[in-house]
Amino acid sequence: MTMDTFKVPVDNVGVMAGKDVDDGWAWAVLVASYMNQFLLSGVCYMGGMFQVVLLEHFQEGVGVTAWVTSVYASLMLVAGPLACVITSYFDCRTSVMLGGLLLAGGLVASSFATSLSYLFVSFGLTAGLGLGLSYTPSVVIVSYYFDKKRTIVTSVALSASGIGFLLAPIVFRYLLDNFAWRESLVILAGICIHITVFGALMFPIHERKACPVFSRCGQHISKDTDDLAAKVVMDSNTNNDHNHSRIMPYEIDKYGSVILKDDCDLMQNGTVDKMHGTTDSQLDIFKNVAFVVFCVNQIMANAACGVYSIHLGAFCESYGTSAQNVAWIFSVNGPANIVSRILLGAFAHASEKDVWILYYGVLLSSGTIFCLMPLFAKTYPAQLVAGILIGTYMGGSYSLPPVLIIECVGLKKLASAFGVSMICAGSGWLVAPPAAGWLVDLTGSYDSSMYLAGVLMFLSVLVGLVVPQLIKPENQSHIHGDHSVVTEEAEKSDVR
């Protein structure tokens, strides 16, 4: 039996791949995703605290030292598209396990560091790349295993980030108080290797949608698979109820599994007419002036966030706050972040016209707090309050960009546009903290870093104000059309 495209009715999907969708092994995958979100968010968030450790040990300039921690944190975003490429060619499991190994290996290698240049490679590049390769696939995998419950389980998985933000600073501070920083990194590596273990649970069978068509003529197919294909094709011929049976192509992958090719035949390098290849290049997003300006906004806003996150610990300690209390200032960001994302997401859903106003509001509030911190946040209680407020406003700003990107480019190009925006956001995290560090070296005060964060945030608002004016009216109608199509398809799926 040669390998060509066969037609499979949707109602027979359960025979091959449906038993673990919304049930069975899907729950194990959800637990694995949750734990990875918890570990990855927590270990990424320690960059600001580790910055203080590196400054004390190596006695180098603030700007030079910040390159190590900024590269580490930024790669969680910048490496996202690379993780998607690995996932496309292999599967989510491969990317997550590879990322976990790189992260743990980078942390162990960093424990032997004798210079910042060594740490730049081991901690910044290697461990940071591990973060990026593990994070995105750990979120994506949930969507493959859940259909009816997809929205709620994705929210559950992402909520683990807030728990990571809450507990990680306390755990890292405990390690630093009881062990040398090198030993602490080895212990963290032992914890992070569990990312690979959880990744191993993310089996690839149900995530392989087979968007590209492969021809494997002459490939041996087992008798069981052969019989299954014959049964499915036979059933499709006897079922004429189109409300219960849609004809779908399938093929056999290298694991001997039946791969279904559903309506997501779809996007690879462009939007696709069903079964007819690409028609609309995703590169057109760079011709969209509104989206390009929004990317500039993202660079500036995330640059401000990076400056705050990397230099917050040193700023607080410069006013006499103990290292233990600094850990709590970092920690309170977690609960505030969770509450803010939920509330702003609900507001944005309830009032689509006010999404831009909400976005400007949280950015302006964050920028104002940044600028006020050198004036009023000179004691531990004031710094704690500032940390809660920043977590509330800055955390909420991360829940809005996907909605705003749809406003700019429409639903069909959301995936590629969001990938570009992630790179832009990571670029802000990469460049701004070292620049703020050099400013601290020049002025001798960490107040300048907070002022810079505030100025960058205000500039991001000024740039962002232009975006709604640049969105073309025809794009707005296209967007509403996309929404109606998605709604209609969702209703049809519910009926089936």
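Predicted model: local features only at pLDDT ≥ 70, side-chain atom pairs only at ≥ 80, totals over all residues.

Trainee: How much of the protein chain counts as buried?

Mentor: Of its 496 residues, 49% are buried. The chain exposes about 22200 Å², and carbon and sulfur atoms supply 66% of that.

Trainee: And what share of the contacts join residues at least 24 apart?

Mentor: If you take contacts between residues at least 6 apart in sequence, 82% of them join residues at least 24 apart.

Trainee: OK, helix packing. How do α6 and α7 cross?

Mentor: α6 is residues 92–110 and α7 is residues 116–145; their axes come within 7 Å and cross at roughly 155 degrees. Anything over 145 counts as roughly antiparallel, so that's what α6 and α7 are to each other.

Trainee: Which hand is the crossing of α6 and α7?

Mentor: Left-handed. By class, the residues in the α6–α7 contact come out as 18 nonpolar, ten polar and no charged.

Trainee: What about α6 and α9, how do their axes run?

Mentor: Those axes come within 8 Å and cross at roughly 170 degrees, with α9 covering residues 181–200. So α6 is roughly antiparallel to α9 too.

Trainee: Which residues make that contact between α6 and α9?

Mentor: On the α6 side they include V96, M97, G100, L101, L103, A104, L107 and V108. On α9, you'll find W181, L185, L188, A189, C192, I193 and I195 among them. R93 of α6 and R182 of α9 are in the contact as well.

Trainee: Let's jump along the chain. How do α11 and α16 pack?

Mentor: α11 spans residues 289–318 and α16 spans residues 401–409. Their axes come within 9 Å at a crossing of roughly 155 degrees, so the two helices are roughly antiparallel. α11 passes α16 in a right-handed crossing.

Trainee: Which residues touch there?

Mentor: A290, F291, F294 and Q298 from α11, against P401, L404, I405, C408 and V409 from α16. Eight of the contact residues are nonpolar, one is polar and none is charged.

Trainee: Is α16 mostly covered or mostly open?

Mentor: Mostly covered, with seven of its nine residues buried. Those are P401, L404, I405, I406, E407, C408 and V409. Just after α16, G410 takes a positive phi of about 90 degrees.

Trainee: What is Y398 in contact with, beyond its sequence neighbours?

Mentor: Leaving aside residues within four places in sequence, Y398 contacts N302, C305, R341 and W429. The C-alpha atoms of Y398 and Y359 are 9.3 Å apart, and those two are 39 residues apart along the chain.

Trainee: Switching to S161: buried or exposed?

Mentor: Buried, because its relative accessibility is 8% and the cut-off for buried is under 20%. S161 lies in α8, residues 150–178, and it touches Q37, S41 and Y135, not counting residues up to four places away in sequence.

Trainee: Last one, where is L439 and what does it touch?

Mentor: L439 is in α17, residues 414–443, and at 30% relative accessibility it counts as partly exposed. Apart from residues up to four places away in sequence, L439 touches S448 and L452. L439 and L452 are 13 residues apart in sequence and 8.8 Å apart in space, C-alpha to C-alpha.

Definitions and conventions: Residues numbered from 1 in each chain as written. Heavy atoms only, no water. Axes fitted to C-alpha atoms, helices over the stretch in contact; angles between N-to-C directions. Helix = DSSP H or I, 4+ residues; strand = E, 2+ residues; numbered from the N terminus. Parallel < 35°, antiparallel > 145°, perpendicular 65-115°, else oblique. Left-handed = near helix turned anticlockwise from the far one by under 90°. Nonpolar A, V, L, I, M, F, W, Y, C, P; charged D, E, K, R; others polar. Buried < 20%, exposed > 50% of the residue type's maximum accessible area, 1.4 Å probe, protein only. Contact = heavy atoms within 4.5 Å. Areas by Shrake-Rupley, 256 points an atom, 1.4 Å probe, with all protein chains shown as cover.
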